[in-house]
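Reader: Could you walk me through this structure? I am new to it and would like to learn how to read its features.

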Amino acid sequence: MGQPEEHASGEAAQPGLPQPELPPGQRLQRGWPVTHYGPVPRFRPERWEFQVFGATADGRKHSWNHTEFGALPRSTVVADLHCVTRFSMLGAEWSGVPAQVVLDAVPPAPDVTHVMVWAEYGFSSNMRLSDFAAERTIFATHKDGELLTAEHGFPLRLIVPHLYAWKGPKWVRAVEYMTADRRGFWEERGYHNIGDPWAEQRYSYQEQPGEGPDL
């Protein structure tokens, strides 16, 4: 889920070599470490469902089964992934369903300001509607042309390139439209409510007034 609990493997970049620009406090990672909290869920396609609920424009809950969601318009973006545990993976190619496709299919009510992204085992991550609607936010099914592995979020992982990776959960199952902000799983446990890696927004004690609801 991009969560801060780390079970990481992979080789860091060698010191002394030219490095690409990274957010402050990050290091370049070779390979893709596995980071998540809790067990890897078992995928049952006949039971899998993606929902959009909450403050929808029509007041209804909408859902797709696995086949229906896979038939939605797809796109590919090239984007970095910055983990709050301080590794960065650059230039990955993510393929899947853009978040904007979901927003177009199920418009939010006019007063929606935030979304909560829900994943397996009740994991949740909140973000501003503008972050969710960003051009490169994508529900990824593939990385670099290959289907995601279960450890990396198969069948569906949210990628929000301009935020720390914990904001993009693995094993996504639903999006809730909200008219007021509410902290997600890690945000309730001391992580920054916004999570901008370029501003190094790692922890809730760094928050400025207006950047998050009270803990």
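This is a predicted model: local features need pLDDT of at least 70, side-chain atom pairs count only at pLDDT 80 or more; totals for chains, interfaces and linings use all residues.

Reader: What joins strand S7 to S8, and how do they run?

Author: Helices (H or I, at least four residues) and strands (E, at least two) are DSSP runs, numbered from the N terminus. Two strands pair if DSSP finds at least two bridges between them. Here S7 (residues 114-119) and S8 run antiparallel, joined by five bridges. The two form a hairpin with four residues between them, and Tyr 121 in that turn has a positive phi of about 65°.

Reader: Is strand S8 enclosed or open to the outside?

Author: Buried means under 20% relative accessible area, exposed over 50%, and partly exposed in between (1.4 Å probe, protein chains only). Four of the five residues of S8 (residues 124-128) are buried, so the strand is largely enclosed by the rest of the structure.

Reader: In what order do the strands of the open sheet lie?

Author: The five strands of this open sheet follow the order S4-S3-S12-S7-S8, with mixed pairing. Strand S4 (62-65) and S8 stand at the edges with a single partner strand each, so one side of each has no neighbour in the sheet. Further in, S3 and S12 run parallel and are joined by four bridges. Gln 51 stands opposite Ala 174 in S12.

Reader: Which residues touch the most other members of the largest nonpolar core?

Author: In soluble globular proteins, nonpolar side chains tend to be buried together. A nonpolar core is a set of buried Ala, Val, Leu, Ile, Met, Phe, Trp, Tyr and Cys residues joined through side-chain atoms within 4.5 Å. The largest one has 28 residues, and those touching the most other members are Phe 50, Phe 69, Val 102, Val 115, Phe 132, Phe 139 and Tyr 177. Strand S3 (49-54), helix H2 (99-105), S7, helix H3 (129-132) and strand S12 (172-178) are the elements that give it two or more residues. H2 gives the most, with four residues. A second, separate core has 13 residues, including Met 89 and Trp 94.

Reader: Where does Lys 167 lie, and is Lys 167 buried or exposed?

Author: Lys 167 lies in the loop between strand S11 (157-159) and S12. With a relative accessible area of 0%, Lys 167 is buried. A polar contact is a pair of N or O atoms within 3.5 Å; within protein, one must be able to donate a hydrogen and the other to accept it, and residues adjacent in sequence count only if both atoms are side-chain atoms. The side chain of Lys 167 makes such a contact with the side chain of Glu 187 (2.8 Å), and the Lys 167 side chain also reaches the backbone oxygen of Asn 126 at 2.6 Å.

Reader: Which peptide bond is cis?

Author: The bond from Phe 154 to Pro 155 is cis, with omega near 15°. Pro 155 lies in the loop between strand S10 (146-147) and S11.

Terms used: Residues are numbered from 1 along each chain as its sequence is written. Side-chain values use heavy atoms; hydrogens and water are left out.
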